[in-house]
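Could you take a look at this one with me?

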Amino acid sequence: MSPFFLNMIHTAQYISSAPDVKACPKSSLPEYAFIGRSNVGKSSLINMLTNQKGLAKTSSKPGKTLLINHFLVNAGRADAWHLVDLPGYGFAKAGQDQRERLKQMIERYCLGREQLVSLFVLVDCRLEPQKIDLQFMQWLGEQGIPFAIVFTKADKVGRERLKLNVEAYKKALLETWEELPPVFMTSSESRLGGEELLAYIEQVNKGLVR
Ligand code: GTP
Ligand code: MG
């Protein structure tokens, strides 16, 4: 772990897995949640940021995370916060019932969790803009829920391809948005982008009145 990472995450621990927003921890700590299509790399990114391989459960098969998982960062310190691993949306093989149930779980969490400071919408950097992601971001915008975009798996494409894909995404967003949300490029494999993401969270945390 680089010293820079250490400065921002001193400790990270698993707290709980909740089937709905009502069962989430009763705590007013600022919260940041990772969301995105199933298998995009949400749990892997949490492990990369916290430098703990098995902290969030990952799988090569989509549909691994099915509950709202809370992790506590910097327990007992003034700069404590919650990191949340959400289930993926749009997993085709899950079946209509399961997809609908997860969609409701995610929507209720986004709308009902008062201490949610920002969502991070994870997007696979290898793919062209996906309707399901654009629709979800549109919904967040309509609901006034702050979010940033995190491109994942950057190690899987060359630098040029990455640039082109990110530009294509920005262009698609600017068709409906006047300005772009913050954008991060990451790889849990190569650890790209971890420092930037944590620095952003730290900066937002510092601006909050606690
Ligand atoms: P669900 O919980 O099913 O919604 O998936 P998830 O978004 O949490 O994805 P997860 O972190 O479990 O990762 C899915 C697969 O992608 C695993 O096989 C990971 O090893 C792989 N993966 C995740 N991030 C990266 C990355 O940055 N680079 C590479 N090469 N593989 C990655
Ligand atoms: Mg997961």
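This is a predicted model: local features need pLDDT of at least 70, side-chain atom pairs count only at pLDDT 80 or more; totals for chains, interfaces and linings use all residues.

1. Let's start with helix H4, which runs over residues 131-143 and so has 13 residues. From its first C-alpha to its last it reaches 18 Å, close to the 18 Å expected at 1.5 Å a residue. Just after H4 comes glycine 144, with a positive phi of about 70°.

2. Which residues of H4 are buried? They are Asp133, Phe136, Met137, Trp139 and Leu140. Look down the axis of H4 and these buried residues fall within an arc of 155°, so they line one face of the helix. Lys131 and Glu142, on the other side of H4, are exposed.

3. The spacing makes sense if you remember how a helix turns. An α-helix has 3.6 residues a turn, so residues three or four places apart point the same way.

4. While you're at strand S5, find serine 118, which sits in it. Is serine 118 buried or exposed? It counts as buried, because its relative accessibility is 4% and the cut-off for buried is under 20%. Setting aside neighbours within four places in sequence, serine 118 is in contact with Glu31, Tyr32 and Ala33, and also with Pro146, Phe147 and Ala148.

5. Now try helix H6 (residues 194-206). Gly194, Leu197, Leu198, Tyr200, Ile201 and Asn205 are buried in H6. Seen down the axis, they fall within an arc of 155°, so they line one face of H6. Over on the other side of H6, Gln203 and Lys206 are exposed.

6. Last stop, ligand 1. It is surrounded by 21 residues, and the closest are Ser44, Lys64, Thr65, Asp155 and Ser188. Aspartate 155 has a polar side-chain atom 2.7 Å from a nitrogen atom of ligand 1. Serine 38 places a polar side-chain atom 3.2 Å from an oxygen atom of the ligand, while glycine 88 has a backbone N or O atom 3.4 Å from an oxygen atom of ligand 1. Taken alone, ligand 1 exposes 650 Å², and the protein buries 88% of that.

Definitions and conventions:
Residues are numbered from 1 along each chain as its sequence is written. Chains are lettered from A and ligands numbered from 1 in the order in which they are written. Side-chain values use heavy atoms; hydrogens and water are left out. Helices (H or I, at least four residues) and strands (E, at least two) are DSSP runs, numbered from the N terminus. The expected span of a helix is 1.5 Å times one less than its number of residues. Buried means under 20% relative accessible area, exposed over 50%, partly exposed in between (1.4 Å probe, protein chains only). The arc is that of the directions from the helix axis to the C-beta atoms. A residue is near a molecule or strand if one of its heavy atoms lies within 4 Å of it. A polar contact is a pair of N or O atoms within 3.5 Å; within protein, one must be able to donate a hydrogen and the other to accept it, and residues adjacent in sequence count only if both atoms are side-chain atoms. Accessible areas come from the Shrake-Rupley method with a 1.4 Å probe; for residues, only the protein chains shown count as cover. Contact means heavy atoms within 4.5 Å.
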